[in-house]
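This report describes selected features of a predicted protein model. The sections below take up local contacts, cores, charged pairs and surface features in turn.

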Amino acid sequence: MTVSRADTVAILGAGVMGEALLSGWLRGGRDAATVLISDRSPERLAHLEDKYAVRARPAAEAAAQAATLVLAVKPQDMRALVQEISGAVGDSTLVVSLAAGITTAFLEAQLPEGTSVARVMPNTPALVDQGMSAVSPGANCDADQLATATGLLQACGRVVALPEHHLDAVTAISGSGPAYIFYVVEAMIEAGVLLGMPRATSTELVVQTLYGAATMLKETGEHPTVLREQVSSPGGTTMAALRELDDHKVRAAFLTAIEAAARRSAQLAAGE
């Protein structure tokens with residue numbers, strides 16, 4: 001079967017997020033023949049070719065054969081990748097960047113003049129089709145191209161379109177956010193073990209509690225303060241625990257941590 005360039009998407013950088021998008025697209029019905037992948041690791045490419053029946057190509061060759069390029073490399077590897085593919089990017093190519101802190105202006109300056117760029121901040125729950133992504137158009141990205149970028153991400157979860165100046169905050173909140181949740185889950189599981197429960201039992205209790213609480217937030221539409229107050233009986237166990245968290249300034253620590261993540265995203269944009 002001959003696949004047209006217009007129908008072809010190339011993922012340049014086949015790490016965790018690249019694979020998350022790839023698997024989401026295929027589960028959503030995209031034909032594997034319309035996807036090209038590229039990565040510096042031959043072993044990684046061989047694994048993904050075998051697992052998903054997609055085609056592996058060198059980055060510049062993939063860029064020449066695809067109408068949409070998804071750049072999924074680490075921020076520190078972006079300049080080298082863009083230099084490698086710049087000569088192969090066509091006039092109508094849409095470039096979608098997943099790299100934290102890399103601005104659309106930076107990419108537009110490195111790519112052929114007039115190239116359409118969209119910047120995306122996804123997160124790892126895309127692996128289970130529950131991702132949260134934000135997308136921002138560059139100077140040359142029109143409404144149809146923004147819709148194309150949005151459609152690619154919707155295969156793996158929810159998407160919001162935002163002005164680019166918000167993306168450092170998005171990076172700090174939803175991009176890095178799963179790690180904060182896992183950090184808290186680790187602590188809760190360890191607390192259960194400390195209190196004498198088997199680790200497997202503590203893990204089951206914590207994971208289901210997290211899932212249930214998240215489902216309540218999503219399905220009830222209630223503010224988290226309301227839901228927290230429903231659990232917090234005066235003088236009860238929950239209030240005792242929350243008092244300890246407040247005494248240890250856990251809320252303030254979360255605010256400070258997320259601010260630090262946003263600052264780091266901005267530093268990456270500045271090349272620091």
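## Surroundings of Gln145

Gln145 touches Ser92, Leu94, Ser116 and Asn140, when residues up to four places away in sequence are not counted. Gln145 itself belongs to helix 6, which covers residues 143-154. With a relative accessibility of 15%, Gln145 counts as buried, because the cut-off for buried residues is under 20% relative accessible area.

## Nonpolar cores

The largest nonpolar core of the predicted model has 32 residues, and those with the most contacts inside it are Trp25, Ile37, Val70, Leu98 and Val135. At least two residues of this core are supplied by each of strand 1 (9-12), helix 1 (16-27), strand 2 (35-38), helix 2 (42-52), strand 5 (94-97), strand 6 (116-121) and helix 6. Helix 1 gives the most to this core, with five residues. Apart from this core lies another, of 21 residues, among them Ala10, Ala99, Leu107 and Leu111.

Leaving aside neighbours within four places in sequence, the contacts of Val135 include Ala118, Arg119 and Val120. Val135 is also in contact with Leu146, Ala149, Thr150 and Leu153, as well as with Val159, Val160, Ala161 and Leu162. In soluble globular proteins, nonpolar side chains tend to be buried together.

## Salt bridges

The count of salt bridges comes to nine. Glu164 forms one of them with Arg119, the closest N and O atoms being 3.1 Å apart. Glu164 lies in the loop between strand 8 (157-161) and helix 7, whereas Arg119 lies in strand 6, so the pair ties together parts that are 45 residues apart in sequence. Arg119 counts as buried, at 5% relative accessibility. The side chain of Arg119 also meets that of Asp168 in a salt bridge (3.7 Å, N to O). Asp168 lies in helix 7 and Arg119 in strand 6, so this pair ties together parts that are 49 residues apart in sequence.

Arg243 and Asp247 form a further salt bridge, with their closest N and O atoms 3.2 Å apart. Both residues lie in helix 11, four residues apart, about one turn of the helix. Arg243 is exposed, with a relative accessible area of 55%, while Asp247 counts as partly exposed at 43% relative accessibility. Elsewhere, Glu19, Arg44 and Lys51 are linked in a network of salt bridges.

## Helix 8 and the nonpolar patch

Tyr183, Val184, Met188 and Phe254 make a nonpolar surface patch of about 390 Å². Helix 8 (residues 177-194) contributes the largest share of this patch, three residues. Met188 lies in helix 8 and, at 41% relative accessibility, counts as partly exposed.

The buried residues of helix 8 are Gly177, Pro178, Tyr180, Val185, Ile189 and Gly192. Their cover includes helix 7 (167-175), helix 9 (199-220) and helix 12 (250-269). The 18 residues of helix 8 should span 26 Å at 1.5 Å a residue, and the end C-alpha atoms are 26 Å apart, which agrees. Just after helix 8, Gly196 takes a positive phi of about 105°.

## Positive phi outside glycine

Ala53 has a positive phi of about 60° although it is not a glycine. Ala53 is found in the loop between helix 2 and strand 3 (55-56) and is exposed, with a relative accessible area of 58%.

Lys249, likewise not a glycine, has a positive phi of about 55°. Lys249 is placed in the loop between helix 11 (237-247) and helix 12, and is exposed at a relative accessible area of 57%.

Conventions. Residues are numbered from 1 along each chain as its sequence is written. This is a predicted model: local features need pLDDT of at least 70, side-chain atom pairs count only at pLDDT 80 or more; totals for chains, interfaces and linings use all residues. Side-chain values use heavy atoms; hydrogens and water are left out. Patches are made of residues with over 30% relative accessible area and no salt bridge: like charges are joined within 9 Å, nonpolar side chains (Val, Leu, Ile, Met, Phe, Trp, Tyr) within 5 Å. Accessible areas come from the Shrake-Rupley method with a 1.4 Å probe; for residues, only the protein chains shown count as cover. A salt bridge is a side-chain nitrogen of Lys or Arg within 4 Å of a carboxyl oxygen of Asp or Glu. Buried means under 20% relative accessible area, exposed over 50%, partly exposed in between (1.4 Å probe, protein chains only). The expected span of a helix is 1.5 Å times one less than its number of residues. Contact means heavy atoms within 4.5 Å. A nonpolar core is a set of buried Ala, Val, Leu, Ile, Met, Phe, Trp, Tyr and Cys residues joined through side-chain atoms within 4.5 Å.
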